Amino acid sequence: MKIKMELISDAIFGNGASIPGGEDIAVLSDEYGFPYYKGGTFKGVFREELNRYLNWTGLSKEEIENKVTELLGKSGDDSAVEEHKLVFSDFCISDAVKECVIEETGQDNPQEILDSLTHLRTFTSISEDGMVENGSLRMGRCVNKGLCFYSNISCRQEDGELVKEVLSLIKWIGTMRNRGFGKVKISVAEQGENDD
C-alpha cells in the first residue's frame, strides 16, 4: 500500500544534529539534499494512534497489547521483521519532483536543493515578565508546507482496513508538533499517484 503525506504546515524532520554557529535543529536529508521522514519514526507515531484507536474500541489492555505486538512487534525491538508485521519505508519526495529539481539545480548542489525545499526559523523563550530570556535563541530548519511525501507500507491484506483507519487519525508528525509544526494530511495514494 502506498501512502501520501501532505504537509499542511511547516514540519521539522529532526535528525538529532545541530550545526555549531548555525542550526540548532537540522532536518533529515539524503545525499542530494532532499528532506525525508524516517519510516521507523513514523512507525512510532502509528503505534501511538493504533493504541488510542484500539482503546476506543473497548478492547482490554491485554487485547490491545497483543494486537499492537501482532501488527508492529514489541516497541524498540529491531530484530528480524516477520512477514505479518507492518513495515513502513521512509517518506520521500516523489522521483518525478526529484528529477525536476536536480535538472534545475544540478546533482552536486545538495545545500541548494535543501534550501529550496526548507527554510530557517528562529525561536526564543519569553519570560513571565514578557522579556526575552538570555541564551534562549534557537534556529531550526523547517520543511516547507505544501510538499508531499510518499511511503510504502507492507501489511497483510486483512489488516488493510485497520491500517487505513489508523492512518486517517494521524494529524501531526515530526519535532515540535506540540507547537504547531508538522500538521499533515495522510491518505492512501491512488494507483500512479506519485508525481506531486
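Helices (H or I, at least four residues) and strands (E, at least two) are DSSP runs, numbered from the N terminus. Lysine 85, for example, lies in the loop between helix H2 (61-72) and strand S2 (87-88).

## Basis of the model

This is a predicted model, in which local features need pLDDT of at least 70 and side-chain atom pairs count only at pLDDT 80 or more, while totals for chains, interfaces and linings use all residues. Residues are numbered from 1 along each chain as its sequence is written, and side-chain values use heavy atoms, with hydrogens and water left out.

## Overall architecture

The chain contains 5 helices and 6 strands. Read from the N terminus, its elements follow the order β-α-α-β-α-α-β-β-β-α-β. Of the 196 residues in the chain, 36% are buried; buried means under 20% relative accessible area, exposed means over 50%, and partly exposed lies in between (1.4 Å probe, protein chains only).

Contact means heavy atoms within 4.5 Å. Among contacts in the chain with a separation of 6 or more, 70% are between residues 24 or more positions apart.

## The open sheet

An open sheet is formed by 4 strands in the order S2-S5-S1-S6, with antiparallel pairing. S2 and strand S6 (184-188) stand at the edges with a single partner strand each, so one side of each has no neighbour in the sheet. Two strands pair if DSSP finds at least two bridges between them. S2 is joined to strand S5 (residues 148-154) by 2 bridges, and valine 87 stands opposite serine 154 in S5.

Leaving aside residues up to four places away in sequence, lysine 85 touches Thr69, Glu70, Leu71, Leu72, Gly73 and Ser154.

## The nonpolar core

A nonpolar core is a set of buried Ala, Val, Leu, Ile, Met, Phe, Trp, Tyr and Cys residues joined through side-chain atoms within 4.5 Å. The largest one has 42 residues, and Phe42 and Phe46 have the most contacts inside it. At least two residues of this core come from each of strand S1 (2-7), helix H1 (39-56), H2, H4, S4, S5, helix H5 (160-169) and S6. H1 gives the most, with 5 residues.

Phenylalanine 42 touches Ile3, Tyr37, Phe88, Phe91, Leu167, Ile170, Ile173 and Ile186, not counting residues up to four places away in sequence.

## Aromatic pairs

Rings of Phe, Tyr and Trp (its six-membered ring) pair if their centres lie within 6.5 Å; planes under 30 degrees apart count as stacked, over 60 as edge-to-face and the rest as tilted. The whole structure holds 6 aromatic pairs. In one of them, phenylalanine 13 and tyrosine 37 are tilted, at 5.0 Å centre to centre and 50 degrees between the planes. Both residues lie in the loop between S1 and H1, 24 residues apart.

Phenylalanine 13 is buried, with a relative accessible area of 1%, and tyrosine 37 is buried at 4%. Ring pairs join Phe13, Tyr37, Phe42, Phe46, Phe88, Phe91 and Phe149 into a cluster.

## Helix H4 and the cysteines

In helix H4 (residues 110-117), the residues Ile113, Leu114 and Leu117 are buried. They lie on the same side of H4, because they cover an arc of only 100 degrees around the axis, the arc being that of the directions from the helix axis to the C-beta atoms. The buried residues of H4 pack against helix H3 (95-105), strand S3 (118-123) and strand S4 (138-143).

The structure holds 0 disulfides, a disulfide being a pair of cysteine sulfur atoms within 2.5 Å. Cysteine 92 is partly exposed at 26% relative accessibility, whereas cysteine 148 is buried at 7%.
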